[in-house]
Amino acid sequence: MTHLLPLALRSAWNRRYSLGLTLLAIVLSVTLLLGIERMREAARTGFGQAVSGTDLIVGARSSPIQLVLYAVFRMGEATQNMSWASVEKLAAHPGVAWSIPISLGDSHLGYPVVGTTPDYFEHFRHGDRRPLAFAEGRPFAGLFDAVLGAEVAERLGYRLGDRVTLSHGMGGFAGAEHDDKPFTVVGILARTGTPVDRGVHIGLEAMEAIHLDWQGGAPVPGFSIPPELVAKFDLKPKAVTALLLGLHSRAGVFAMQRAIADNPDEALMAVLPGVALAQLWETLAVVERALLAISALVVAVGFAGLVAVVLAGLGERRRELAILRANGARPRDVFALLALEGCAVTIAGALLGTLALSGLTLAVGPWIEAHYGLALALALPTAAELRLLGLVVAAGTLVSLVPGWRAYRMSLADGLTPRV
Amino acid sequence: MAEALIELRDLVFRWPGPAGVCLDIPEFSVAAGEQVFLHGESGGGKSTLLNLLAGVLVPASGRLRVLGHDLPALGAAARDRFRVDHVGLIFQQFNLIPYLSVLDNVLLPTRFSKRRRERAGDARASAATLLGHLDLPENLWRRDATQLSVGQQQRVAAARALIGRPELVIADEPTSALDAARQAAFLDLLGRECAAAGATLLFVSHDQRLAAHFGRRVAMADINRVTMATA
Ligand SMILES: Nc1ncnc2c1ncn2[C@@H]1O[C@H](COP(=O)(O)OP(=O)(O)OP(=O)(O)O)[C@@H](O)[C@H]1O
Ligand SMILES: [Mg+2]
């Protein structure tokens, strides 16, 4: 083998341009494969980090996944609400340390409006139990104060003191605007990489106030209550979408969950966020697998390129191989020469691809985090990634046996006379 | 007479397919140190015979001994080994690896064969001596093989066939791309070097004019019972 190495190197150098292109194809596919794998991991992590420290999410009885979808991700629409009486009852329960009511349904330019209480800013946790922080301003205090998530503020270019009007529902319907009661931006949250970034947060009372003169999802015709008069009405919320609960002791979580499920006054349901998030992620497994399949295809295309280039080059290398053979190379040397080359190109591709990904992570990682909330950390390959890389190298080596085998057969068929 | 270096008896070789029997040689032998000129028509089986002698092809039947080795009895790997260790080869053209320097081309057999490496002693010095004897000035040695004229390339191939002093040098029409004057010069150099190295030379050509340079001349038609008409 050692006598082949210098030859293999010289020969490869002689064909450096076509080999370089092959290498590039493999580097790109490896970068893509690993990149998608990292994004997938980041998405999964980010997904699990959307909420933390919350022991139970309570809502009207429906499916746990749906409840998590709108309570945590503000997606979909709550078909049923839970009554304010239940909220007050649970909040007063001795086992409950804190509670955050959440009321959804309105939006601002496609961003969900979250009606809640100032407790939200104090008790809500995400990621590694990180609290919310204010990039600017303060929690809402006045009736028509709004606190924006980082993405809302950045995308729409809002600053403190700007006025925003909300739309009824997810927006897009003419006339379904709460434009008679504009809100003032009093706070902008620091970026979290979670759905919080996409929220427009207002008080529950404000949520009531903008719907005072509404009925059944539409403004009552000819009837309008100006903002300065709303304070005269009873703004106590009647219902909320969900309630996030923090308990004094985690040990009580299952008892609490049962108690809520057995609540005689109203059909309620309490879910453990971790369990529901895991279930939700399972429903996304198809997407995950599709992503993996795509990157596997990309790698396959890279290898097809490798085989094509090497096989196409065999014709012009036929003479070279015959000369080698006439001068002592055995057919298996010829085979080894080609397999060695394919293997080396694949390994180099895997290494360079990993490096390229690191470079990319350094270069555009912060941008991706800022825009998509995917935290791509510069890290050594994980065990799973190493397994993927190992698979790639194994597949590449296997694939390069094809030209090796072909060269082997050719060198036997050619005998000592170089046929060109 | 010592044992012949090449010894063929009742050898039959056929290519697969319609071509059928290509060689049927009742008797042919070459003594050690001989320089034999083998000539015959194109398609008469000269190259086929050389492939047999080099252990690339195996006969269908008959006796084929080279340097005392019973080639048909050896496995493919052993025949490969035999070829590297004992046979130097020169072809009609395209002898050199384009991306290797002249010197590295000459050293090629010493990379693959321990025996040739050992017999060459200091391989580089020995390559230098051979190149010098074959009229290749030192300023060419580091060049890529492709930068040489065809005649120079053939002399490099001769140096390579001779390095590590193989017992048998086989040349398959190495001069057909050269003009008459160069042909003569090449043959003289090759003959002299083979003699100096103690190598037996089997030189194949269909060009009868070259026969004068050789001590022994053999016509393919005289040893092979298969004639072109029946082949
Ligand atoms: N690889 C092969 N497969 C099948 N038949 C072959 C093969 N190589 C040669 N032959 C046949 O064997 C016969 C002898 O060929 P060979 O190359 O030995 O002739 P040659 O005497 O060397 O001719 P030339 O002077 O043109 O080189 C020819 O009829 C040829 O068609
Ligand atoms: Mg021939």
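# Ligand site and aromatic pairs in a predicted model

In chain A, the ring of A:Trp13 has the charged end of A:Arg16 sitting over it, 4.2 Å from the ring centre. This arrangement comes from a predicted model. Two topics follow: the surroundings of ligand 1, and the pairing of aromatic rings. Ligand 1 is surrounded by residues from chains A and B, so its site is shared between the chains. Over all chains, there are 9 aromatic pairs.

**Surroundings of ligand 1**

- The shell around ligand 1 holds 13 residues, and the closest are B:Ser42, B:Gly43, B:Lys46, B:Ser47 and B:Thr48.
- By class, the shell around ligand 1 consists of 7 polar, 4 charged and 2 nonpolar residues.
- Helix 1 of chain B, residues 46–53, gives the most to this shell, with 3 residues.

- B:Ser42 places a polar side-chain atom 2.4 Å from an oxygen atom of ligand 1.
- For B:Ser47, an N or O atom in the side chain is 2.7 Å from an oxygen atom of the ligand.
- B:Gly44 takes part through its backbone, where a polar atom is 3.2 Å from an oxygen atom of ligand 1.
- The protein buries 65% of the 630 Å² that ligand 1 exposes when taken alone.

**Aromatic pairs in chain A**

- Among the 9 aromatic pairs counted over all chains is that of A:Phe144 and A:Phe183, whose ring centres are 5.2 Å apart; their planes stand at 80°, over the 60 degrees required, so the pair is edge-to-face.
- A:Phe144 lies in the loop between strand 8 (134–137) and strand 9 (145–148) of chain A, while A:Phe183 belongs to strand 11 (residues 183–189), so the pair ties together parts 39 residues apart in sequence.
- A:Phe144 counts as buried because its relative accessibility is 15%, under the 20% limit.
- A:Phe183 is also buried, with a relative accessible area of 0%.

**Aromatic pair in chain B**

- The rings of B:Phe37 and B:Phe203 have centres 6.1 Å apart and planes at 20°, which is under 30 degrees, so this pair is stacked.
- B:Phe37 is in strand 3 (residues 35–39) of chain B and B:Phe203 in strand 8 (residues 200–205) of chain B, so the pair ties together parts that are 166 residues apart in sequence.
- B:Phe37 and B:Phe203 are both buried.

**Aromatic cluster in chain A**

- A:Tyr120, A:Phe121, A:Phe124, A:Phe134 and A:Phe140 are linked into a cluster by ring pairs.

Conventions
Residues are numbered from 1 along each chain as its sequence is written. Chains are lettered from A and ligands numbered from 1 in the order in which they are written. This is a predicted model: local features need pLDDT of at least 70, side-chain atom pairs count only at pLDDT 80 or more; totals for chains, interfaces and linings use all residues. Side-chain values use heavy atoms; hydrogens and water are left out. A residue is near a molecule or strand if one of its heavy atoms lies within 4 Å of it. A polar contact is a pair of N or O atoms within 3.5 Å; within protein, one must be able to donate a hydrogen and the other to accept it, and residues adjacent in sequence count only if both atoms are side-chain atoms. Accessible areas come from the Shrake-Rupley method with a 1.4 Å probe; for residues, only the protein chains shown count as cover. Helices (H or I, at least four residues) and strands (E, at least two) are DSSP runs, numbered from the N terminus. Ala, Val, Leu, Ile, Met, Phe, Trp, Tyr, Cys and Pro count as nonpolar, Asp, Glu, Lys and Arg as charged, and the others, Gly among them, as polar. Rings of Phe, Tyr and Trp (its six-membered ring) pair if their centres lie within 6.5 Å; planes under 30 degrees apart count as stacked, over 60 as edge-to-face and the rest as tilted. Buried means under 20% relative accessible area, exposed over 50%, partly exposed in between (1.4 Å probe, protein chains only). A charge sits over a ring if NZ of Lys or CZ of Arg is within 6 Å of the ring centre and within 35 degrees of the ring normal.
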